[in-house]
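Here is a friendly walk through the model, written to be read with the sequence and the 3D view open.

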There are 2 protein chains.
Amino acid sequence: MDVIVGGGVVGLSVAWRLAREGRPVTVVDPAPASGASHAAAGMLAPVSEVTYTEAPLLRLGVAALRRWPAFAAALAEDAALPPAGPEGVSGLDLRAEGTLDVAFGADDMAALDELAAFMEKLDLPVERLTGRECRRLEPMLAPSVRGGLLAPGDAWVNPRRVTAALLAALERRGVPIVRARVSELVRTDGAVTGVRLAEPPAEPPAEPPAGPAEGRGSAPLAATDGRAGDEVLAAERVVLAAGAWSGELAEVPVRPVKGQIMRLRSPQPLLTRCVRGTVHGSPVYLVPRGDGELVVGATQEELGYDTRVTAGGLYELLRDARELVPGVTELEVADVVAGLRPGTPDNLPVIGPGRTPGLTYATGHHRGGVLMAPLTAAILMGEESELAALCSPGRFREIS
Amino acid sequence: MDVIVGGGVVGLSVAWRLAREGRPVTVVDPAPASGASHAAAGMLAPVSEVTYTEAPLLRLGVAALRRWPAFAAALAEDAALPPAGPEGVSGLDLRAEGTLDVAFGADDMAALDELAAFMEKLDLPVERLTGRECRRLEPMLAPSVRGGLLAPGDAWVNPRRVTAALLAALERRGVPIVRARVSELVRTDGAVTGVRLAEPPAEPPAEPPAGPAEGRGSAPLAATDGRAGDEVLAAERVVLAAGAWSGELAEVPVRPVKGQIMRLRSPQPLLTRCVRGTVHGSPVYLVPRGDGELVVGATQEELGYDTRVTAGGLYELLRDARELVPGVTELEVADVVAGLRPGTPDNLPVIGPGRTPGLTYATGHHRGGVLMAPLTAAILMGEESELAALCSPGRFREIS
């Protein structure tokens, strides 16, 4: 049996893929579908102001985006998602109207020119727009927007719906979800042979994710090895998909990168596309959902395992969102959360077996967990050997 | 029996006072200790940038502040409050270190000069301070603060502790709290003779106030008058203390004035005094609690019965708080709520009997409900005839 440690979007996608291949699999997570997956905005945008100079990451992102339509269609079917919710939003709220990057000053405009040239060189679809053209596409944009770049191929999805659908699909396939924390990987003769489960948390998580998670039974645990208060779940292979916490269980150079993100509620959608910009030197994006929700993200903070929502983080998001789209002022604040992204030294994920038999990695996705979840599952199935090399755990000497 | 409609700080204070005088009394509120009392910061500061030109309101405020120490001591005893909580904060968190009004620009400085002159004329204690003196008192103040005004007599209290203590004191005295909404006042031959209770809410309020509210029984209801689904509670006198909703039950010119307010959590207190200032033309205040909580308030919005927390309201609070005390940036956001203050045309409360026999008003306290609650109870006991005249319902022709 494969044991997946971590029930975020990556771990659940891997588990679902394995289940569809007929492999026995179990997911272990004290609070599935929480953490960074619960916080994420869900942009499926391989090219951004942050990543365009990083060619390997861009290659991964482009390949990852291509996998999304088929992944979403199969997931909607396998999870038996209803065709449309009461608010007229169907399935995973996957949309592909593109991303609009906007510029305010001369520096921003120059940066967009460079980005456009780079994308054209790679044959990626891109359109350079004047300020007026930007506002014609998105009338709520600030009058001070001077120009923009439309990436018409970019898409986005609601990550909370994705993880809820993955949990539903896993349930329909009879995959057990063990709601417990893994305290350590169990090693026998130098190989990983299972996971040790800590006591399950006494209380449910403070913010249980919405979705069809009710009534899902826990798996029967395999064995105890005589240590008080914990149990061992044996595994032929352990897939470590514990996001920012992966480094607590194995030697993998993953660090938490805190992101604070806000969800606003709008009676009518203010935007039809994802809108991004750089305000006061910090990148901000606005992601519109079909139900009128508008996601504003996200801070990037190196503060360790800190998930406090702070006055400063909230201020930054609100200030920058107002600068892009002044009309957000009138919207209700529905939700503010902080998540921890799993960052790596080279910003690339860590996917595949390491040096220890029985241990496989699926972590380090940083800001790209939702985008890269389907691709990650494919890499683990051996479908993308060239891309797999970019993500190989072996590139880090310290990985065990 | 007196029936108090409204279990906010005013209604509960009136009920407690009546109970201490040995009068039979019942409080009716679907969610006691919520609403504006739950949102309020609890400043006991009669002089502020808003009210100092309004002499009658100032007289009321000064008299109201004088009543607070005895009120707080009697309440702590009657509620059997423990001497100190686990975090070292005792009782109601009543503190009297004064208010510091600060100025940034020449206009603000001139306004503080005027305010100081006005206070000196009234023999109110006041000290004019330089920017450096302000920062000596409060080292976390922004370097751009140019001067300030210390009102050393001002105090503040934690309103959530006050309402929790009032509920505890009422319980100890056996005063029933009926958790139901009043749908209308019952009138017989031109007099108010009771209240009609709507069905109690099916669900508890979204944010139940903390405190010793558990286990309090509802009062037995007096009678039904044959109308389906509601019951009548007979009363010799009805005291209307329903805050911003008072106008729904009687002809009284009270309107909702929305206030959004934020609570931050600090490991150590950032301030020792209440700090106020005018930033970008809007007044902001910071109220420090003994447990490290820092309250930032408050917007003033005329939007009807709208209690949404909005992006714009939150932005304003955060921006202004940062301007006064840049260190707030690091603090955790613990709580953001919106409450509705009961505003009146002349900014004075409405206290006392109206023209209708059996009906007494205790409403319209706008921003001063916490400050004026003890005084309001005293006025209703006939102790302050001169001040009572200022608050007389008869000054409004439309009051019934």
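## A salt bridge across the sequence

Arg59(A) and Glu386(A) form a salt bridge, with their closest N and O atoms 2.9 Å apart; the term means a side-chain nitrogen of Lys or Arg within 4 Å of a carboxyl oxygen of Asp or Glu. Arg59(A) belongs to helix α3 (residues 55-78) of chain A and Glu386(A) to helix α9 (residues 385-390) of chain A, so the pair ties together parts that are 327 residues apart in sequence. Helices (H or I, at least four residues) and strands (E, at least two) are DSSP runs, numbered from the N terminus. Over all chains, a search of the whole structure finds 44 salt bridges.

## How to read the values

This is a predicted model, in which local features need pLDDT of at least 70 and side-chain atom pairs count only at pLDDT 80 or more, while totals for chains, interfaces and linings use all residues. Residues are numbered from 1 along each chain as its sequence is written, chains are lettered from A and ligands numbered from 1 in the order in which they are written, and side-chain values use heavy atoms, with hydrogens and water left out.

## Where the chains meet

How many residues does the contact take from chain A and from chain B? There are 17 residues from chain A and 17 residues from chain B, where contact means heavy atoms within 4.5 Å. The area buried between the two chains is about 1,600 Å², and carbon and sulfur atoms give 66% of it; buried area is the accessible area (1.4 Å probe) that two parts lose on being put together, summed over both. In chain A, the residues that lose the most area to chain B are Arg308(A), Ala311(A) and Tyr315(A), together 35% of what that side buries.

Across this interface the rule finds 0 salt bridges, but it does find 10 residue pairs in polar contact, both at pLDDT 80 or more. A polar contact is a pair of N or O atoms within 3.5 Å; within protein, one must be able to donate a hydrogen and the other to accept it, and residues adjacent in sequence count only if both atoms are side-chain atoms. On the side of chain A that touches chain B, the elements giving two or more residues are α7 (311-324) and β17 (332-343) of chain A. The largest share of that side, 7 residues, comes from α7(A).

## A helix pair in chain A

Helix α1 (residues 9-20) of chain A packs with helix α8 (residues 369-380) of chain A at an angle of about 35 degrees, their axes 8 Å apart. Here axes are lines fitted to C-alpha atoms, for helices over the stretch in contact, and angles run from 0 to 180 degrees between N-to-C directions. Val9(A), Val10(A), Ser13(A), Val14(A) and Arg17(A) in α1(A) meet residues of α8(A), among them Gly369(A), Ala373(A) and Leu380(A).

## Backbone points to inspect

Most residues other than glycine have a negative phi, and most peptide bonds are trans. The peptide bond from Gly297(A) to Ala298(A) is cis, with omega near -20 degrees, and Ala298(A) sits in the loop between β16 (293-297) and α7 of chain A. In chain B, the bond from Gly297(B) to Ala298(B) is cis, with omega near -20 degrees.

Ala33(A), a residue other than glycine, has a positive phi, near 65 degrees. Look for Ala33(A) in the loop between β2 (25-28) and α2 (35-39) of chain A.
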